[in-house]
Amino acid sequence: MELNTAGLRKDCREIYPSPQIVQMAAKEGVPITFASDAHAIGEVGMNFAEAVALARSAGYTHYCRFTQRRREDVKL
């Protein structure tokens, strides 16, 4: 599941999906990744610290990233 920080730049002012959904996903063992949905260079990786904090508060200890279509689990 992707934690997307774009919502912090919009009227809703929250990461997608909501914290409640992130908590449910963590309980079910759903892997996560991060995205900023950047449309400008300055938005790349924007607010990732907040996304990491959300992931940790939901119980996540790792996230996954993909390089050349291969998944790697990384410690938060």
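The model is predicted, so local features need pLDDT of at least 70 and side-chain atom pairs count only at pLDDT 80 or more, while totals for chains, interfaces and linings use all residues. Residues are numbered from 1 along each chain as its sequence is written, and side-chain values use heavy atoms, with hydrogens and water left out. Helices (H or I, at least four residues) and strands (E, at least two) are DSSP runs, numbered from the N terminus.

**Core**

- The largest nonpolar core has 15 residues, and Leu 3, Phe 34, Ala 55 and Tyr 60 touch the most other members.
- Helix 1 (19-28) and helix 2 are the elements that give two or more residues to this core, and helix 2 brings the largest share, 5 residues.
- A nonpolar core here is a set of buried Ala, Val, Leu, Ile, Met, Phe, Trp, Tyr and Cys residues joined through side-chain atoms within 4.5 Å.
- "Buried" means under 20% relative accessible area, "exposed" over 50%, and "partly exposed" in between (1.4 Å probe, protein chains only).
- Setting aside neighbours within four places in sequence, Ala 55 is in contact (heavy atoms within 4.5 Å) with Leu 3, Ile 32, Phe 34, Tyr 60 and Leu 76.

**Strand pairing**

- Strand 3 (residues 62-67) and strand 4 (residues 70-75) run antiparallel and are joined by 6 bridges; pairing takes at least two DSSP bridges.
- Tyr 63 sits opposite Val 74 in strand 4.
- The two strands make a hairpin with 2 residues between them, and Gln 68 in the turn has a positive phi of about 50°.

**Two loop residues**

- Thr 5 lies in the loop between strand 1 and helix 1, and counts as buried because its relative accessibility is 0%.
- Not counting residues up to four places away in sequence, Thr 5 touches Ile 15, Ala 35, Ser 36, Met 46, Asn 47, Phe 48 and Ala 51.
- His 39 is in the loop between strand 2 (33-35) and helix 2 (48-58), and counts as exposed because its relative accessibility is 69%.
- His 39 and Ala 51 are 12 residues apart in sequence and 18 Å apart in space, C-alpha to C-alpha.

**Surface patch**

- Met 1, Ile 21, Met 24 and Val 30 make a nonpolar surface patch of about 310 Å².
- Patch residues have over 30% relative accessible area and no salt bridge, with nonpolar side chains (Val, Leu, Ile, Met, Phe, Trp, Tyr) joined within 5 Å and like charges within 9 Å.
- A salt bridge puts a side-chain nitrogen of Lys or Arg within 4 Å of a carboxyl oxygen of Asp or Glu.
- Met 1 comes in the segment before strand 1 (2-4), and is partly exposed because its relative accessible area is 31%.

Conventions. Accessible areas come from the Shrake-Rupley method with a 1.4 Å probe; for residues, only the protein chains shown count as cover.
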